[in-house]
Structures are given as C-alpha cells and as structure tokens.
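Subject: Structure handover and salt bridges

Dear colleague,

Please find below the structure I promised to pass on to you.

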Amino acid sequence: MAVVLAAGGGAYAFAAPKIQQVIGAISGAQESDDYSGSGTSKVTITIKQGDIGEDVAKTLQRSGVVKSSQVFYKLLLTSPNVQFQPGSYALKKEMSAKSALAALQDEKNRVQASIVIPEGTALQDIEAGMVSKAGLTKEEVSSAAADVQAYGLPAGTTTLEGWLFPATYPINPGWSAKQYFQSMVDTMKQHLAAAGVAEADQERVIIFASLVQKEAGVAADFPKVARVFQNRLDQGMALQSDATVAYGTGNTHTVTTTDAERADAGNKYNTYQHKGLPPAPISNPGDVAIKAVTQPASGSWLYFVTVNLETGETVFSDTLPQHEAAVAQFRAWLRAHPSYQ
C-alpha cells in the first residue's frame, strides 16, 4: 500500500516559515531551513504502514536526514505524483529536501533492515535499536516496554529485561512496538521450551542465564560459570557478581565495579551485599547461557577469574587461596598489557 501525502485532503498553510523569512529579511541573518547537497553519513529510516506525508517528513527530520520537516512536506505538496512504499531506506544525514525525496523514490535505496539483538544485550539497547531501525518513536517503545503484563509473562514480572530472545528480527513497517516485543518474548518462550524448561521455572532460569551470559567469556566456560554460581547458592554464599552490581548502577556495558559500588547495600542488584540471585534479569540471554544453567558442568568450583582478556582464558578454583593466586596471575597479565587498563 502506498503512503499518501495527507489524511483527509485538507489545506495546509506554512505561516511560521513565512514569518521567519520576513524576520530574517529584516535582520539580514536568515539561516537556511534546508541542507544543501546529497548528504553525509549513512542512516536507515523506516516508513511504516499507514504513514502519511507529514509522518514521513517528521521521520526524516528526526533521523537527521532533512533539516526541516516542513520544507520536505512543502516539497511533497508540489509533487502530487509522489508515492512512498512502506519499508526501510538507506539514506544519508543532512540531505537537501530535494535529494531526500529523490532517494526515497529510488528503489535501489530500499533495504531489508532488521533489528539485531546479540546475546547479552540489555533492554535499553534493544529499545534504542527499535527506535533507530523500525521507525518507532522513543515514546512508543518506552510505553510498550513499560506495559509488562501485556505479553503473557508470569504474574509479578516487572520488566521485559531477559525475556527478549537475542536474534535477528526483520523490520515490518506495519508493526507496533508491542508487536516487536511480543515476537521477541514468544521466541524466548520457544527456546526455553526447547531447552526443557517448565513454565514455572522460566523466570528463575532467565535470571540465572542472564547472569551467566554477562559473566562468562568463551562458550566452553558457560557451564562452568553456571556451576560456580550454583555451588555458591547451594552453600549459602553471596554470588559476588560484578555484572549484577554494574547493572544496578545503570551500567549495562561493563562488568567492572568500584569498591564503593560493591559496598552499596542500597543497590538491590548488588550480589556482594544480598545473597541469592538478583531480583530480575540483567541481560537477555541466548541458547548457550540457557543450556549452561539447565545443564551445568560437574565440579566443586566456587571461584573463577579471567586471566587473559585477549584469549578469554579463565581459571576456576575450589578454594580462596587458589583463587587469589589466579587473581595475581590476572594482575600480572594486566601489567604486561597496560592498554587494557
């Protein structure tokens, strides 16, 4: 279905730009409300099913393609034969309205865009991807994410964090933010079922797997990391996960923390101060992490530390003295590789 220029066919006035032109003429310092040229850096925009010309203009301005949505829309009104097809288009930032319109009419610029969610991605980053890739507004996505009980999740679930399966989701211009989230939730449930996780255990598995996903390095170590945390849980020990502490501070891109952060009992995700699993997932885990939690390795380890950040080599220890020796090994590696500090 083609996108029409306007809904209802009413008349449109451009009084504000004209007033600005008069003011600019008087002051002699009018700034152009249109970019010149064919653009700079690449950007992908999405025209959704049902978008009218004004919607397209606003999307272009919001994405930094055109300087003024009004200028682009005014150009549309003088181009009555223009029609847009819903979909994603590869454009450039800072294009003139005329260049942007021509690019949207060029079928070569139409792309099969998708939302790509790597394992361990946090909800806030998935939301940002939906805004940049699916043509949704931040308000639409935030509102849909906040409506947690709309997706058939267990009673008491407070966040979509953890329930969005890492995968590649094609852009569907007709979809709302809720439809994208529902697809991600449904996919997670399918993978949990395939891993043999009963519905009553899904939330705990996701929380546990989200932790393993952030803490483990190479895939072969995931079952060992899961075993370490399970052993600590079984013995009533604090998990002492820096990844959970970092998440509680709002940092979703690192697992390193400070002494003060680890001492903060006010952080409900602080597993140095609070025993047991964190209250909710800290990332969106993939199949490897889910399998590691449901089928952990056999071992009596209680500690682990990565001793080589280049290879991901990790040492697993049964006792604190063994662990401290491994930590010393890691510190020696850091001294030999100062660029990692």
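R262 forms a salt bridge with D259, and the closest N and O atoms of this pair lie 2.3 Å apart; a salt bridge here is a side-chain nitrogen of Lys or Arg within 4 Å of a carboxyl oxygen of Asp or Glu. Because R262 and D259 are three residues apart in helix α11 (residues 259–262), about one helical turn separates them, where helices (H or I, at least four residues) and strands (E, at least two) are DSSP runs numbered from the N terminus. Salt bridges with shared partners also join D242, D259 and R262 into one network.

Please keep in mind that this is a predicted model, in which local features need pLDDT of at least 70 and side-chain atom pairs count only at pLDDT 80 or more, while totals for chains, interfaces and linings use all residues. Residues are numbered from 1 along each chain as its sequence is written, and side-chain values use heavy atoms, with hydrogens and water left out.

The structure holds five salt bridges, including one between K48 and E140, whose closest N and O atoms are 3.6 Å apart. This pair links distant parts of the chain, since K48 sits in the loop between β1 (42–47) and α2 (53–62) and E140 in helix α6 (residues 138–146), 92 residues apart. K48 counts as buried at 15% relative accessibility, whereas E140 is partly exposed at 35% (buried means under 20% relative accessible area, exposed over 50%, partly exposed in between, with a 1.4 Å probe and protein chains only).
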